[in-house]
Amino acid sequence: HSQSVFWVGFIGLQTGKTDVAESYFRQYLKYATKLVAKEPKKPEWQLELAYAHSNLGTVLLGKGEWKAALANFDKTLALFSPLAAQKPDDSALVTEISNAMAWRADALKIGGDVGGALAQRQAQAKLLEKLLEREPQIVSAKNDYSTAMRELGNMASLSGQSNTAMKSIQKALAMSVELRNSDPQNAEYKLFEIMNGLDLA
């Protein structure tokens, strides 16, 4: 049933029905919490609870409720942390942690904490660098890394760290060029290359 309410919420999110998405994601969180209460040591339920907090945080951030969103992303990362310690080579889990870090950084940025957002993006970039060193074939991780470095560069620029900003966005641009060369028909990669080029300029 937790999966059922999640997908109703997801459809609401995809169709711009924010109130519907929030309502069903809160139900998803309720059921995920019950699952953990019944079997606290089961990793699958810990993951469900982490996903529930992440999804709710995403909706709240879209509504401009950055403090509530940040609290949910903090809970997401706290739940992911022990799971990652148990399975340090789980690339899918690393990707989920990276995504949660990205959302947390966005919440901090909206809240005006540029330094915190910058630090979070730096941590995300390091995590993705380690993943790509181990598994360089993961295209989605390359895409996430390019985005993380562009956002890191923008945060550094706002903080007056022009050298860090330049180097970060250069890395973002290089990765987006690599992605576009690997799939020339991919419009998203072309768009990211343009965005990175504009940010660098």
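Reply: Arg134 has a relative accessible area of 35% and is therefore partly exposed (buried means under 20%, exposed over 50%, partly exposed in between, with a 1.4 Å probe and protein chains only). The model is predicted, so local features need pLDDT of at least 70 and side-chain atom pairs count only at pLDDT 80 or more, whereas totals for chains, interfaces and linings use all residues. Residues are numbered from 1 along each chain as its sequence is written, and side-chain values use heavy atoms, leaving out hydrogens and water.

A salt bridge here is a side-chain nitrogen of Lys or Arg within 4 Å of a carboxyl oxygen of Asp or Glu; the count comes to eleven. Arg134 pairs in this way with Asp89, their closest N and O atoms being 3.9 Å apart. Asp89 sits in the loop between α4 (66-86) and α5 (91-110), and Arg134 in helix α6 (residues 114-134), so that the pair links distant parts of the chain, 45 residues apart (helices are DSSP runs of H or I with at least four residues, strands runs of E with at least two, numbered from the N terminus). Asp89 is exposed, at 56% relative accessible area.

A second salt bridge joins Glu178 and Lys142, with closest N and O atoms 2.9 Å apart. Glu178 belongs to helix α8 (residues 162-182) and Lys142 to helix α7 (residues 139-158), 36 residues apart. Glu178 is partly exposed at 38% relative accessibility, while Lys142 is buried at 18%.

Glu193 and Arg180 also form a salt bridge, at 2.6 Å between the closest N and O atoms. Because Glu193 lies in helix α9 (residues 187-200) and Arg180 in helix α8, this pair ties together parts 13 residues apart in sequence. Finally, salt bridges link Glu22, Arg26, Lys63 and Glu65 in a network.
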